[in-house]
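Q: Please take a close look at one part of this model: the disulfide, and then the sheet with the helices packed on it. Keep it brisk and residue by residue.

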Amino acid sequence: MSAGDVRSDRKLLLIMGSVTLLLVVCVCVIAPAAAKEDTRPTTYNTDGAGAKAAFLTLQGLGRNVQRWERPTNEIDSVDASRTTLVLAEPIVDAEQTKDVAKELKAFLEGGGRVLLAGGDGALLPEGETGPPSLFQKGLCETTPEGPGSLASAGRVEISERARWVAEGPRIRVEQRCGKDAVVVRYPVGKGEAVWWSSSTPLSNAGLKTDADLKLLLASVGDGRTVLFNEYLHTEHGEFNPTKGLPLVWLAVQAVLLFVLLVLSFSRRKGPLRLPVVLPRSSPLEFAESMGDLYAKAGATGAATAAAERRLLRMLQREAGVARATVEQGPQALGEALQARLGGDWSRLVKHLSEAAAVAETQLAPRSALALVRALAEDEAEVRAALKPRVVELIGG
């Protein structure tokens with residue numbers, strides 16, 4: 001390469017750097033501020049706090065889902081016995097609370113179902129909420145309580161913005177954050193009221209696990225028309241996802257980037273050659289190598305410990321067994337499963353006890369393999385027992 005070519009490349013590099021720096025300065029100084037994220041849990045909102053994902057998911061599951069954009073005093077125009085009204089963090093003035101509560105009570109007594117996610121409990125009959133007992137930063141992973149359909153959804157993540165404080169023989173607490181009740185349901189006349197501490201499980205950012213979806217399905221019920229109330233939000237009408245975006249500046253930046261790419265084009269210098277391809281062992285060879293290493297080390301305990309952890313994790317996430325129960329040992333797990341699912345779980349208790357004892361004793365490879373298979377069969381047996389519960393959960 002000649003000295004002239006080197007100077008030319010340096011000059012081109014300096015020009016490119018100067019143009020890039022000028023572009024960054026112009027964007028930072030002149031470009032308008034980005035629009036704030038919409039925090040309303042409406043079915044038009046595509047931001048993280050919106051409920052459009054829940055709306056589309058229920059539609060995809062074949063549910064009759066609609067938007068209700070009329071005052072609540074017109075809710076008597078629908079068939080309450082076949083309708084679920086969803087109010088996601090509604091905005092209700094103090095002067096309107098009594099009127100809205102009266103209208104919701106009439107709807108519930110007629111056989112309607114109301115899901116109040118993140119609203120004041122005073123909107124529901126006999127409802128009362130208060131501030132959380134402890135300040136929670138971020139999300140709280142709930143603990144299911146009881147055999148109810150909402151508890152059977154498993155552990156969900158929810159923002160604890162309030163706690164249910166009303167008590168009564170009909171009120172059933174289904175989920176807790178620590179000692180605070182965050183998911184509650186109870187009958188009102190011919191209908192049923194459901195209250196969540198916040199709308200996090202049905203938000204676009206929160207509706208991402210099976211437990212969140214199960215909780216939503218169990219809350220809205222089966223065979224009902226689901227109405228998402230849009231009237232009790234600050235704005236109405238179609239949400240524009242491009243509102244507030246600096247489209248002109250985005251176009252200008254795209255053009256300048258294209259020009260920069262054109263200016264950065266140069267001749268290829270030096271010979272071309274194919275990249276070096278490093279040989280890799282097949283996945284089967286890797287599995288065989290790892291098996292040989294475990295066999296040489298006699299690490300049967302690692303295999304049984306992995307199977308034990310997988311079974312315990314499934315019991316917490318899918319069967320809704322509390323962490324405290326898991327920490328109490330196999331016997332407590334067996335009693336919890338018998339109370340929740342019925343049946344005899346003595347084999348599962350026996351296998352978990354044997355797996356816990358492996359850490360102190362060294363099993364032969366055949367015995368370890370038999371124990372791993374037994375734990376896998378226990379996991380399949382629990383899932384088979386959970387299927388009727390899932391059908392009950394979806395059935396409302």
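**Disulfide, sheet and helices**

A: The link of Cys 140 and Cys 177 is left-handed, with -125° about the S-S bond. Cys 140 lies in strand β5 (residues 140-141) and Cys 177 in strand β9 (residues 172-177), so the pair ties together parts that are 37 residues apart in sequence. This is a predicted model. The S to S distance between Cys 140 and Cys 177 is 2.2 Å. That is within the 2.5 Å cut-off for a disulfide. The count comes to one disulfide. Cys 140 and Cys 177 are both buried.

Next, the sheet. Strands of a sheet pair through backbone hydrogen bonds, either parallel or antiparallel.

Take the pairs one at a time. β1 and β12 run parallel and are joined by four bridges. Here Val 65 has Val 226 in β12 as its bridge partner. β2 also pairs with β12 in the parallel sense, over four bridges. In that pairing, Val 86 has Phe 228 in β12 as its bridge partner. On to β2 (residues 83-88) and β3 (residues 113-117): this pair is parallel too, over five bridges. Leu 87 stands opposite Leu 116 in β3.

How much of α4 is covered? Most of it: eight of its eleven residues are buried. Those residues are Ala 211, Asp 212, Leu 215, Leu 216, Leu 217, Ala 218, Ser 219 and Val 220. An α-helix has 3.6 residues a turn, so residues three or four places apart point the same way. After α4 comes Gly 221. The phi of Gly 221 is positive, near 85°.

Then β12, which pairs with both β1 and β2. Five of the five residues of β12 are buried. Both faces of β12 are covered. Thr 225, Leu 227 and Asn 229 are buried on one side. Val 226 and Phe 228 are buried on the other. Val 226 is the partner of Val 65, and Phe 228 is the partner of Val 86.

Arg 113 lies in strand β3. At 7% relative accessibility, Arg 113 counts as buried, because buried means under 20%. The side chain of Arg 113 reaches two backbone oxygens, those of Ala 218 at 3.0 Å and Ser 219 at 2.6 Å. Ala 218 and Ser 219 are both among the buried residues of α4.

Key: Residues numbered from 1 in each chain as written. Predicted model: local features only at pLDDT ≥ 70, side-chain atom pairs only at ≥ 80, totals over all residues. Heavy atoms only, no water. Helix = DSSP H or I, 4+ residues; strand = E, 2+ residues; numbered from the N terminus. Buried < 20%, exposed > 50% of the residue type's maximum accessible area, 1.4 Å probe, protein only. Pairing = 2+ DSSP bridges. Polar contact = N/O pair within 3.5 Å; in protein donor to acceptor, adjacent residues only side chain to side chain.
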